[in-house]
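Here are a few friendly notes to read alongside the model. Take them one at a time, and find each place in the structure as you go.

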Amino acid sequence: MIGLPLTLVITLTLALVFYFQTKSINFLQNSIIYMVMTIFTTNVLTILSLNLKWITPTDHPFIFPAYLLYRDGIIPLLILIFVNGFYTTKGLRIRAIYFFICFICLHAMEVLLLQYKIIEYLKWKWLFSAITNIGYLMMGLFILKMLLYVVKGSPKNDSRI
Amino acid sequence: MTVVYEKSFDWNEWFVIIVLISLHGLMIITPKIFSKTEGIAHYLYGITIVYLFDHTLSTKPWDFYDVNDNSNFQLFDFLYYIMNGPFSYYFIYLYQKLKIDGFRTILYLLLWSSLAVLMEWVGFKIGLFHYDKGYNMHWSFPIYMMVQIIQIIFYHKIRRSMNH
């Protein structure tokens, strides 16, 4: 049962980290990235669990909110922290290290979820998980690139980068 | 275990296609009053909220209802989620266009929540939603009202951040 309070603490901590972090993009752009990432992670996790049956979330109704926090809170927040930090750091090496740290955080979350049986792997593997987590991070950067492209021709250009 | 309600291509699929195309068509032809990113944000809000609720309440362990022809995630489920984007867009579009404020906001919210429940009832009747597992539509009205209030707060937060 410790899985839920632990996930809750991690979500709140990440929310605070994001709140106090120096932002490289504005509120609107952060909101869009958050929503797209939520839709994307929900799709991925639902297909993996419901259709492919490669992973299974917990059946316990009181632990299940931890899975929701992971899907709709922790992953999108980590992506936002990554995207905002990525553009405030300078230099390829620093950015690569930052990418690696965010990747480790994403991966460590999955280890924690498995440890407390919030999710279980049926046919899923660590390698697939690593690829998916890298995909999430890349997707965050891609959405921002797309957003900047969209606002480029807009009369109310609200980009801060 | 996957629950199959039907396999035919009938009214629930046509409903999704018709609403999806007509509302997106309407979005293209109506005059734009938002910046591109603001419009995208309000459009995405509807999709995100429906995703959040459906993929929480209609999956195990809670599993209160199913969407479309079976309990798995299908293409038409995805199209149904996309279909909700224009609703949230027009909710805030008309809110700004009609300059809704003060006590009129309450009436506006009640009207939109009623419209949302009506759409859901039509969806229920044509097999878009299956409430055999215990969900009751009584819950829908307060849920719609709550998410619409959050969207209005979101709208004002965006406006404030744009003015700074």
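Predicted model: local features only at pLDDT ≥ 70, side-chain atom pairs only at ≥ 80, totals over all residues.

Is Lys99(B) buried or exposed? Keep that in mind as you start with the first point.

1. **A lysine in a loop.** Look for Lys99(B) in the loop between helix H4 (85-97) and helix H5 (104-125) of chain B. Lys99(B) is exposed, because 7 other C-beta atoms lie within 10 Å and a residue counts as exposed at 12 or fewer. Its backbone deserves a look too: phi is positive, about 50 degrees, although Lys99(B) is not a glycine.

2. **Another loop of chain B.** Now move to the loop between H2 and strand S1 (66-67) of chain B, where you will find Pro61(B). The peptide bond joining Lys60(B) and Pro61(B) is cis, with omega about 10 degrees. Asp63(B) is also found in the loop between H2 and S1. Asp63(B) is not a glycine, yet its phi is positive, at about 45 degrees. With 15 C-beta neighbours inside 10 Å, Asp63(B) counts as partly exposed.

3. **Where the chains touch.** Contacts link 24 residues of chain B with 27 residues of chain A. On the chain B side, helix H2 (36-57) and helix H6 (140-163) each supply at least two residues. H2(B) gives the largest share, 13 residues. Sorted by class, this side of chain B has twelve nonpolar, eight polar and four charged residues.

4. **The largest nonpolar core.** In soluble globular proteins, nonpolar side chains tend to be buried together. Here the largest nonpolar core has 63 residues, and those touching the most other members are Ile32(A), Ile33(A), Leu78(A), Ile79(A) and Leu44(B). Helix H3 (residues 64-88) of chain A provides the largest share of this core, 13 residues.

5. **Two helices of chain A.** How do H3(A) and H4(A) pack? Helix H4 of chain A covers residues 92-115, and its axis lies 10 Å from that of H3(A), at an angle of about 170 degrees. That makes the two helices, H3(A) and H4(A), roughly antiparallel, since angles over 145 degrees count that way. Among the residues that meet are Tyr70(A), Leu78(A) and Phe82(A) in H3(A), with Arg95(A), Tyr98(A) and Leu106(A) among those in H4(A). The residues of this contact divide into twelve nonpolar, one polar and one charged.

Conventions:
Residues numbered from 1 in each chain as written. Chains lettered and ligands numbered in written order. Contact = placed C-beta atoms within 7 Å. Helix = DSSP H or I, 4+ residues; strand = E, 2+ residues; numbered from the N terminus. Nonpolar A, V, L, I, M, F, W, Y, C, P; charged D, E, K, R; others polar. Buried ≥ 20, exposed ≤ 12 C-beta atoms within 10 Å, placed from the backbone. Core = buried A, V, L, I, M, F, W, Y, C linked by C-beta atoms within 7 Å. Axes fitted to C-alpha atoms, helices over the stretch in contact; angles between N-to-C directions. Parallel < 35°, antiparallel > 145°, perpendicular 65-115°, else oblique.
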